[in-house]
Each structure stands twice: as C-alpha cells, then as structure tokens.
2 protein chains.
Amino acid sequence: MTGNKIRNMEEFARVSGISRPTLSKYFNDPSSVRTNTRTRIEAALELHDYRPNIYAMNQNRKLTKNVGVVVPLLSDPYFAEIARNLEQRCIAAGYRPTLFSSHGDPAFEVEVLETLRSLKPAGVLLAPLGRASDRKALERFCEDVPTLIFDSSVDEIGLAFVGSDNFQFTAHITDYLCRTGEPPCFFEMKTPANPNAHRRRQSYLNAMKEFGHTPDVISVEGEGWGFEEIGRLGGHEALQQGYFSTNTILCSNDRLAIGLLTACYEKNIRVGRGDDCAIRVAGQDGHPHSRYTCPPLTTISHNYDAVSQTAAEALFTAIEGQVSPWKSTRLEGKLILRDSA
Amino acid sequence: MTGNKIRNMEEFARVSGISRPTLSKYFNDPSSVRTNTRTRIEAALELHDYRPNIYAMNQNRKLTKNVGVVVPLLSDPYFAEIARNLEQRCIAAGYRPTLFSSHGDPAFEVEVLETLRSLKPAGVLLAPLGRASDRKALERFCEDVPTLIFDSSVDEIGLAFVGSDNFQFTAHITDYLCRTGEPPCFFEMKTPANPNAHRRRQSYLNAMKEFGHTPDVISVEGEGWGFEEIGRLGGHEALQQGYFSTNTILCSNDRLAIGLLTACYEKNIRVGRGDDCAIRVAGQDGHPHSRYTCPPLTTISHNYDAVSQTAAEALFTAIEGQVSPWKSTRLEGKLILRDSA
DNA sequence: CAATTAACTTTACGCGCGTAAAATTTATAT
DNA sequence: ATATAAATTTTACGCGCGTAAAGTTAATTG
C-alpha cells in the first residue's frame, strides 16, 4: 500500500470508484456485495490503507460486531486459556472480542456488565462468578444483551448454558479411584465460589453410594479465589488431625489439589501410586498447570476446545437471528492419568 | 434512580437543568466544572440513569480516555497479574483500559497494534513479545500512539521503559546461592523469547567471575512459550548427561524452574537444601505459582506493584502533556527464600 | 461597590458513518 | 433478446456528541 492517507469513507469511495453506501455494506459484511465489487474494494484496500472509524461505525448501527468475553478471574490459567480460545473463535467469525475479568469480585462483575452495556455488543460470552454474583444484575443484563453463559450456570438466564458435565466428571474419576485402590475422600471448600462445586460433591456422594462405600467429605474454611492457599492450609489441618479416612483424596478442583500437594510436601508425605507413597491425590479440571506438579496430577479435564466451540457457535447463531429455546449443554471430561493417583 | 429513559445528552440537559456543553465538559473531566454544578449534575445522574454514548463521544475527540494494555501471553499468570494491576490503576486514574494478549505470536502482536490504532487510545502500556517482535511495526506504532514499554525493552522506542533490573536480579540471587552452598550452574533456553534472558545470563557470568567461580551455562533447545515443557525436557537431558557441574541450578526464569522440578521428580532426584537433597534449584521472577511447587521455589521476585505503578504513572503524566526525554527505569527484585535452594 | 475573571448558556456547525428511497446499472432467467 | 430480479449509485438526512464563538451570569478581588 502507498502512503496515501485516506481520511474517511467518502475519500476512499472516490479513489476506489465504489459508492460510499456500497462500501458501508462491504465493511459491515464483506459477503453482502457482489464478488466482483468485493475484489475491486479489496484491491483498492491493498493500495490505500484505509480503515473505517469504528466509533462512527458503531454509533448508529443497532448491532455492533463487538462481542464481550467475561471470565471470573483472568489470572487463573484455566480461564485465561478458555478466554484465549473464545477470543480466537470470535475473530474467526468476524467479530471483535473484548476481554474482561471480574477479578473475583461481584461488584466488579457488575461494573464489567455496565461497561459492556455501553459497548452495545452483538453478544456476550459470560462466565459468572457464581455464588457471589449479583443475580438480579445478571438477569437484567441478559434481558438487554444476548448473553451466553458458560462454565458456571446461574439459573436459566441468557440464551443458553454451555459447560462441563460435573456429575460425569466426578463420577468418572471416583470410579477410577475406587477401582485402583482405596475409595477416595472428597476434599473441598466449605463455601465454594462456584456452583459446580456442589454438583461435584453430590456426584461424589452418589458414586460412593453406588459402589457401596462410605463417603467422606472434608470441607475446609476459606473465602475468595486463592484456592491453592486454601487447599494448602486446609490440607495441613486435615492431615494433622487425621481427617482423611482413606489414603486417597479427590479434590473438588485442581487448584485445591495443588495446594494440598504443597501441604503434603511440607509434611513430608509422599504422594503417588507407588508402594513407597502414603496417599493418592487427584484433582478435577485439567488445569494447565496440573502437568507440572510433583507428582504430576491425575485429573479429569474439561474439553476446552469443545466447550469453547459449542459456546461460541451457540452465541453466533443466536446473534444471526436463530431463535431457540434456552438449553443447557454439558460436555464430558477426559480422565488424565498421571503419577499422583 | 427512576426508570426515566434518557436518550441523549440533550434530553439529560433538559431534565438536569444544565446546558449540554457543560455536561460535555463534565463527562470529559468531572473536575473541570464548578463544584456546585458538579453536584447538581451528579444528583441528576442519580435520578435519571444516563450514560453518554461512548461511540459518539470518541468519534470527534482528539484524545479518547482509552488505554490499551498489551501483554505477550495472558495465560501466563505473571502477565495476568501485572495486567490486572495495570488495569485497576487505569480505572482509578479515570481511563478506560482494554486488555490484549499477543498470544505469543508476533503476527498477532501486530494485529493487536492495528486494532489498538483504530481505538485511538490516549496511551498504551505495551509489554512486547521481545526477540520475535516486529521492530519496525512497533516503532511505527510508537510514533503514532503514546506508548510506554514495560517488562521487556526493545531499543529506545516509546515514551519510556519500565521493568525490572535483571542484572540486579541475577547478581543478587547468584550471590545468595554462592554464599549458602555450591556456586550455581545457569539453566536457560538457547533462544529465549525475551531479551531479559540475555541480561540475566550476562549478569550470572559477571557475578561468577567476581566471586572467582567458573561459570557453567546450560542452554536447552526449545521454541515458543511453553517454558515448563522446555525446562522439563531440557532438564531430563541435562540431568541424564550430567551437564550440571555443581549441585546448584539457577534457572533463567521460574517457569523453566517449574519444568526442571518436574524433571527432577520424574528422575527421583530430591531437590532442596536439606542434607537428604541432591540438588538445589532456584528461579527468577516471583511467579504466582512458585509458592506451590514441590519444594516451594526459591526465587527473586519482580516488584509487581512498583513496576505497575511506575509504568502507569509515567504514561499518565505523558498523556497529560508532560514531555520528558526517553528514560529507562529498572526496579530491583526481592529475594524470596523457600525450600528449593 | 464596581471591576475583573471564571464559569456557564445559547447558538451553530461538523465529525464519519448508517441507512432509507429512488433512479440506474448489471446479472440472471426465460 | 426481453423480462425480471439483484446489486449499485445518487441523494439526502440523521445519529449523539465535540467544540468553537459570542453573550450572559456568577464568583472573586480590591
């Protein structure tokens, strides 16, 4: 492209020989113009380096091409990874994603929604904080903006829900643990941030009952999103006091498991499935870091790619006019066997 | 606030009894109007729930209140943490931050800059990919947009650079390791993504020379941003082949150290400073996860808060008109002693 | 108190693009 | 080739707000 500075669409219309309304159509949706004119526009675009002013574009359009992606805590690599995945799908589908983190704070989550409102997005992919979320605020937001809820469900709001099948997660890994050693105790937070945690506990109870074992749930204190530290402190106490009735511990999530592994290290308790190991520890989530714990963590992993794809596609079809009733999709996880259990 | 739907600033001017230009001033900078009128406006705001249309606002304003925050890889908790910190500082200073990740990809980094250009930001806080970055593209961007470079410096571009003093980092932790045991070998990537790595190697060589020890640098193969896996694989080979000439290993960064710890675990090599341990391992960065490795990782930590604060304030003063010559600020790190070394 | 200054109101225009309507050209089908 | 449909051009207006200029009101000073 040459250095020609094009100031606005009108000027670009002149140099490209295409009328401004047609250009407007093209920038809104390149496939909406004849292929002939499209190639002419794109040839001119190569030459002249022009990009429409997004503020002027979005001012009058009823529907922008913006898509908001909101996760509860971006510094958790699990959410960072799924956010990256969603972001790239949005771009591939021709949308402009903007990333937001609620930073684990319900008040901030509401602020994010307010900001999002003013962006007039075509749609939003929202992973709510969960228990702590302001339900009313979420509900009002979903009424105004096409919103797809993922990861953690809150009632039947928004267009649909896409997440993992927490019952299957826990049932599957509990089954594995029972078949390969002592039945697991369940290690969790007493007041978990995320409603998935309740499903996992319930699923553990069901599975243990089914296998004819006595369940043993250890719920540790701790608020907030510092799960590793909660797991470490809670682990110390539980190990000290002998709360665990078997040598196998299934954690409600991987970050809790990571903290528990640290507690084990600090107490000089060897973890793994070898004969020289005192206990087995397993997690749930397939956290990006779980491969690099010592020992590497046995876990059941979200199908990141499938969750992202299902969520993104559901939103896009809704944006493009398809009306479908509210629906919940829960995808199965995959067992990842490593040394810890 | 009542349900009164205010459609635009003109309507809000009527119901509030304030003229539209004054309102415009207020929304641009609340402190630019008399306190009396300000309270009147804010009282009306409580009643009527109106927010100016950001697209119309930004269309004609020479300078928006937008600030871009760009990091190389958001799924690295180190960058996620610093991004969160910067984001909150922007909000506190009255700016509207937007978060971007280059996803470790130079081509995507350039795309992010293009996107950012069209947002007409007042300023940008940019942590470049480093070695792989398109220098020319960065330079051109910095000429057009007030940009503060942080974390990883690329020539003398932008308004200024703020980051950590990598020489101090490595000198300090090398000193510690020498004083408390065998002098360290240096474990690094052969082709690091980040220019800080070269400073750290050089600083290691300097420090070892100063202490009268023979340096020993082990550079492992591996491309990309999967540092843990590179550290693990490289660690396996180095341990197998006996590359390490002493029992102490200083890693170029924490993620590499995390991979090395996993390799040690897999090779059944006990890490730590106890008598029963074979080697000591230390990292550099103060990675959020370093607390939860087994053993917990001794490292030298970035001063996250000071780096963020210095970077943000430097950008804001530049935005607000202060012209100052290009300057590089490098902040010292703090040694964090844990069990690994 | 008048004089000065700062803040506000009134008026008016423009930003860059969306979009509607009518006229015209081009493609597709018969 | 002609009829029909689809795409494009021309013309024109409006969106919501920034912003400049001139006049008016309110605060500050001596």
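The model is predicted, so to speak plainly about limits: local features need pLDDT of at least 70, side-chain atom pairs count only at pLDDT 80 or more, and totals for chains, interfaces and linings use all residues. Residues are numbered from 1 along each chain as its sequence is written, while chains are lettered from A and ligands numbered from 1 in the order in which they are written.

First, the two protein copies. Chain A can be laid on chain B with an RMSD of 0.1 Å, by a turn of 180° and a shift of 0.0 Å along the axis; the superposition is by least squares on the C-alpha atoms of residues with pLDDT of at least 70 in both. The copies are therefore related as by a two-fold rotation axis. Y55(A) is the residue of chain A that comes closest to that axis, with its C-alpha at 2.3 Å.

Next, the contact, where residues count if their C-beta atoms, placed from the backbone, lie within 7 Å. Chain A gives 30 residues and chain B gives 30 residues. In chain A, α4 (54-60), α5 (77-92), β2 (96-101) and α11 (254-266) each supply at least two residues; helices (H or I, at least four residues) and strands (E, at least two) are DSSP runs, numbered from the N terminus. The copies meet through the same surface, because 100% of the interface residues of chain A are also interface residues in chain B.

Last, the DNA. The largest share, 5 residues, comes from α2(A).

Notes:
Contact = placed C-beta atoms within 7 Å.
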